[in-house]
Amino acid sequence: MTEGGKKETEQIVVQSSRFGDITVAADSVIHFPAGLIGFPERKNFVMFDHRPPFAWLHSTEDPSLAFVVMDGSQFTDAYEFKPPFNDKEVGITSDGEFAILIVVTVRADPKLTTANLKAPLFVNTQNRRGAQVIHDDPKFPTRYPLWVEADAASETGQDAKKAQETK
Amino acid sequence: MLILTRKPGESIYIGDGIKVVIVEIKGNQIRLGIDAPSDVRIYREEIYLQILEENKKAAESSSAATETGLEGLTGGWAKGAGGKPASSGAATLFGSAAKPKIAPKGSGAAGKNKDGEG
């Protein structure tokens, strides 16, 4: 443990059942005032890269809670996802900066891994507050297959087609 | 559960800020109008439950990513998603502040960040 070179930024240690102790800058924490859907008690997360384009969104409060996420702008234009401009607790504005994270559901067979385009996370990058939004619109599938190879994707191919129409 | 009888055009208030109007009844369908503060989230139940389920599955399944490292996926990563090919991980969205130091335990799959800083 090197404590040397005191930096001005305060560091916190996040406990992870997967990665052990992770040291991050305290101001890198992302706060979800309402938590994620189904996890209302877990409001604080940190992010770090996995293998690009995947990253981890890891709870600072629950060592075993972590999501694999990816950058939503890789799927479609940011505004197609309809940012929650009216969520005052998050405070995203049309001229502000925000990021979109898509939650990934991993399967034992990576070819079956899917992305939940129906419920992206929006994060105001200025205040690092975020919210999960649900798009009540069939063009956004909850299980968009990430692996595009004719046969592997056939099971969820219908959804993929729908999502492509969003282009 | 509180049960009330209303006619089309009539409303109920929930607290001071939420008004639910019976707009129309057509056969076995009822159209509701809801006036609520913008920070109140309103979802159809089945969609809400679907997302809740998928979030739980994503949280549980993410351990598979620790094990496999999503190895195959990063190679076969879809062009079909309609975007540019993925060049960097999403954590870079948040700038260098998000880069953690990880005390490796086991293989520490997330340990190597691609450093975009000058």
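## Two chains in a predicted complex

In this predicted model, chain B has a mean pLDDT of 70, and 55% of its residues reach 70 or more. Among the elements of chain B, strand β2(B) has the highest mean pLDDT, 97, while strand β4, residues 101–102, has the lowest, 43. Over residues 74–89 of chain B the pLDDT is below 50, and this stretch has 38 contacts in the model beyond near neighbours in sequence. Residues 95–118 of chain B also stay under 50, with 43 contacts beyond four places in sequence. Where pLDDT is low, the predicted coordinates should not be read in detail. For the complex, the predictor gives an ipTM of 0.79 and a pTM of 0.73.

Begin with the overall make-up of the chains. Chain A contains one helix and 10 strands. Chain B has two helices and four strands, and its pattern reads β-β-β-α-α-β.

Burial and contacts can be set out chain by chain. Of the 167 residues in chain A, 50% count as buried; of the 118 residues in chain B, 22% are buried. Now take the contacts between residues at least 6 apart in sequence. In chain A, 44% of them join residues at least 24 apart. In chain B, the share that joins residues at least 24 apart is 11%.

Next, consider the strands of chain B. Three of them form an open sheet in the order β1-β2-β3, with antiparallel pairing. Strands β1 and β3 (29–35) are the edge strands, and each pairs on one side only. On average, neighbouring strands of this sheet are turned by 25° against each other, direction ignored. Strands of a sheet pair through backbone hydrogen bonds, either parallel or antiparallel.

One pair in this sheet can be followed residue by residue. Strand β1 of chain B covers residues 11–14, strand β2 of chain B covers residues 18–26, and four bridges join these antiparallel strands. B:Y13 stands opposite B:K19 in β2(B). The two strands form a hairpin with three residues between them. In the turn, B:G15 has a positive phi of about 65°.

The largest nonpolar core has 52 residues, and the members that touch the most other members are A:L57, A:V69, A:I102, A:V104 and A:F122. The elements that give two or more residues to this core are, in chain A, β2 (20–25), β4 (44–49), β5 (54–59), β6 (66–71), β7 (98–105) and β8 (114–124), together with α1 (45–68) of chain B. Strand β7(A) supplies the largest share, seven residues.

Is A:I102 buried or exposed? A:I102 counts as buried because it has 26 C-beta neighbours inside 10 Å, and the cut-off for a buried residue is 20 or more. Leaving out residues up to four places away in sequence, A:I102 touches A:V69, A:M70, A:G72, A:F75, A:A115, A:N116, A:L117 and A:P120. For a distance across the chain, take A:H31: A:I102 and A:H31 are 71 residues apart in sequence and 16 Å apart in space, C-alpha to C-alpha.

Note on methods
Residues numbered from 1 in each chain as written. Chains lettered and ligands numbered in written order. Predicted model: local features only at pLDDT ≥ 70, side-chain atom pairs only at ≥ 80, totals over all residues. Core = buried A, V, L, I, M, F, W, Y, C linked by C-beta atoms within 7 Å. Buried ≥ 20, exposed ≤ 12 C-beta atoms within 10 Å, placed from the backbone. Pairing = 2+ DSSP bridges. Axes fitted to C-alpha atoms, helices over the stretch in contact; angles between N-to-C directions. Contact = placed C-beta atoms within 7 Å. pLDDT = per-residue confidence, 0-100.
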